[in-house]
Amino acid sequence: MPRPFTPKVVTANALLEGDVVYLKADDGWTRRIEEAELIEDEAIADIRLLDAQRRGSEVVGAYLADAKAGPNGPEPVHFREAFRTRGPSNYNHGKQEGA
Amino acid sequence: MYSYTDFDEAFVRERVAQFRAQVERRIDGSLTEDEFKPLRLMNGLYLQLHAYMLRVAIPYGTLNGRQMRQLAMIARRWDKGYGHFTTRQNIQFNWPELRDVPDMLDALADVQMHAIQTSGNTIRNVTADHFAGAAEDEVADPRPVAELIRQWSTDHPEFQFLPRKFKVAVTGSPDDRAVTAAHDIGLRIVRNEEGQIGYRVLVGGGLGRTPMIGKVLNDFVSEADLLPYLEAIVAVYNLLGRRDNKYKARIKITVHENGIEDIAARVDEEFTRRKSLFSGVDQEMLTAIRAQFAPPAFEAPQTAAFDLAFAENPVFRSFVDTNTAAHRAPGYAIVTVSLKAHGKTPGDATAAQMEVLADLAERYGHDELRISHEQNVILPHVAKRHLPAIHAALSTAGLATANVGLVSDIIACPGMDYCALATARSIPVAQQIATRFDELKLEHDIGALKIKISGCINACGHHHVGHIGILGLDRAGVENYQITLGGDGGPDAVIGERTGPGFAYDQIVPAIERLVYAYLDLREDREETFLETYRRLGMEPFKAALYEDEEARADAA
Ligand code: SF4
């Protein structure tokens with residue numbers, strides 16, 4: 001039996017700052033995972049990723065990350081992705097700095 | 001014999017100018033990431049979890065005050081006001097923006113520094129003891145020969161396509177501080193019965209996925225024979241090393257698969273062939289290099305001020321006892337400045353702290369600083385009469401933590417707080433262990449204990465050679481920490497042994513605490529260190545301390 005598809009977000013790092021970004025439904029990039037497009041369909045996810053990978057002058061290293069629906073929008077599943085939404089744990093740097 | 005090239009200012013500037021153009025072309029879209037990535041990596045620029053990271057080489061870990069001050073300026077201007085000193089004697093800046101990197105590289109070139117990374121399957125940076133030229137127990141300064149090897153291997157036409165990267169370390173002291181047994185080739189400077197200087201040659205050490213301790217290939221190679229002998233080793237490896245599997249390509253596997261005797265025989269044969277091709281130019285070069293590493297002019301000992309402070313000030317006394325080492329010149333000391341203040345990130349220094357270190361080196365330390373692979377900063381040549389002033393200045397800057405070699409002097413790689421390859425965090429584990437033992441006020445009672453933490457199997461935190469090693473892994477989407485015991489990076493290097501199942505993130509600090517309490521119960525007296533106790537008793541009592549409670553609890557549940 002094929003495994004059920006886990007919802008995904010398209011994520012990457014911004015070319016200029018290196019900051020973590022997510023693909024929105026309107027094709028824009030956001031720095032906040034809550035604003036990302038949560039993709040529930042595998043075929044669509046693959047297409048969205050291909051689109052993102054073509055935008056190499058905006059972002060670097062686009063990939064699909066597991067995510068789940070939360071009250072405010074998509075949330076990370078794996079701890080690595082959770083760290084990417086915040087920043088390092090030893091300083092208040094990265095995204096959490098402005099939050 | 002092969003003639004040498006060297007990094008010079010013009011070369012570095014040209015590389016910066018090239019990279020500046022490449023960055024512009026990347027930003028305007030004319031270079032793709034696939035094209036740009038190898039170029040940025042060659043220039044020390046990595047893309048990590050949250051940002052870019054610029055890695056700057058510090059050859060032999062040696063810096064002067066002006067260079068340290070420039071690192072502070074770079075940290076302040078283009079980063080977030082700090083830098084991270086790594087276990088490979090580099091400094092990393094964690095938050096540069098792509099557009100600024102060429103300016104950062106130019107600022108480095110202003111002080112003869114660069115971020116150029118030797119890459120590919122070649123002979124990489126040669127490392128040496130961070131107490132080189134200062135240690136009392138030193139047979140000879142290892143840096144001249146390390147520099148000779150660097151010059152010989154740079155662009156060596158025969159060795160540009162080895163089966164895998166190749167690392168060499170040199171120590172001049174019996175108390176091996178350069179972890180030579182964990183390198184492809186480790187050299188230990190020794191004196192034979194006739195009083196001649198030579199090299200004990202170890203081969204096939206390395207950490208990472210398949211950790212191995214180097215084996216002695218030759219007990220004594222004379223100085224004149226060293227380069228042809230090294231060339232013979234690398235030539236044998238070049239032919240024999242496996243190219244079919246990246247994980248089996250390092251010389252440690254070649255040695256493991258063929259046996260040390262077989263390798264030794266092949267090297268001897270190759271050496272005979274090569275020896276005659278060396279005309280002795282290398283020995284002339286070595287003499288010239290040696291002059292560049294001449295020790296500073298040491299003053300006659302005047303220690304009255306030191307003796308007084310030592311007698312009267314217990315905080316100063318503790319600092320001296322813990323953070324200084326014996327110097328070869330009478331009346332001098334080697335000062336290790338701990339970058340491991342309790343609860344802080346191991347290896348991080350703020351721009352202001354770097355400036356204090358630069359000032360101290362210039363005023364009191366013959367303008368010399370070293371970075372150790374244990375992520376501390378060293379003032380290698382300090383007259384003892386200046387120690388009270390140095391200690392006072394360090395205290396004001398938050399740099400006087402007296403914990404060198406103790407439980408809170410932890411090596412930790414960046415782990416999943418920064419590193420894109422990580423499988424778990426290491427920095428907060430180090431912070432919590434240090435904070436915990438500081439609260440318990442047990443640190444000095446516990447004595448010598450090296451804890452080393454890596455955030456993945458690549459072992460940048462050298463966990464295999466920690467007395468207590470911690471390896472962070474991802475187990476089914478949860479951080480999990482494996483413990484190894486009995487590792488040792490010293491002269492009789494040993495790879496630590498795994499205790500058993502790993503511990504969750506919130507269980508690892510209590511687990512370490514149980515281990516340390518077990519040691520305090522088990523040791524014969526205060527003189528017996530953790531490592532000695534472990535060697536005497538073996539794994540069992542420590543394992544019991546780690547797991548028995550858990551089992552009892554599981555049974556009860
Ligand atoms: S050991 Fe792993 S996590 Fe740590 S710095 Fe090296 S590659 Fe990164």
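How many helices and strands does the secondary structure of chain B come to? Chain B has 18 helices and 21 strands, where helices (H or I, at least four residues) and strands (E, at least two) are DSSP runs numbered from the N terminus. This is a predicted model, in which local features need pLDDT of at least 70, side-chain atom pairs count only at pLDDT 80 or more, and totals for chains, interfaces and linings use all residues. Residues are numbered from 1 along each chain as its sequence is written, chains are lettered from A and ligands numbered from 1 in the order in which they are written, and side-chain values use heavy atoms, with hydrogens and water left out.

**Chain B overall**

- The radius of gyration of chain B, taken over C-alpha atoms, is 24 Å. The globule rule (2.2 Å times the number of residues to the power 0.38) gives a close value of 24 Å for 557 residues, so chain B is as compact as a globular protein of that length.
- The C-alpha atoms of chain B fill a box of roughly 70 × 65 × 55 Å, taken along the principal axes.
- Of the 557 residues in chain B, 59% are buried, meaning under 20% relative accessible area with a 1.4 Å probe, protein chains only.

**A five-stranded sheet in chain B**

- Five strands form an open sheet of mixed pairing, in the order E6-E7-E8-E9-E10; two strands pair if DSSP finds at least two bridges between them.
- Strands E6 (123–128) and E10 (215–222) of chain B stand at the edges with a single partner strand each, so one side of each has no neighbour in the sheet.
- From one strand to the next, the twist averages 20 degrees.
- Strands E8 (residues 185–191) and E9 (residues 197–203) of chain B run antiparallel and are joined by seven bridges. B:Gly186 has B:Leu202 as its bridge partner in E9(B).
- Helix H5 (residues 143–153) of chain B lies across E6, E7 (166–171), E8 and E9, at about 175 degrees to E6(B). Axes are lines fitted to C-alpha atoms, for helices over the stretch in contact (heavy atoms within 4.5 Å), and angles run from 0 to 180 degrees between N-to-C directions.
- Helix H8 (residues 260–275) of chain B lies across E9 and E10, at about 30 degrees to E10(B).

**B:Glu33**

- B:Glu33 lies in helix H2 (residues 33–42) of chain B and is buried, with a relative accessible area of 13%.
- Not counting residues up to four places away in sequence, B:Glu33 touches A:Val60, B:Arg26 and B:Arg40.

Note on methods: Buried < 20%, exposed > 50% of the residue type's maximum accessible area, 1.4 Å probe, protein only.
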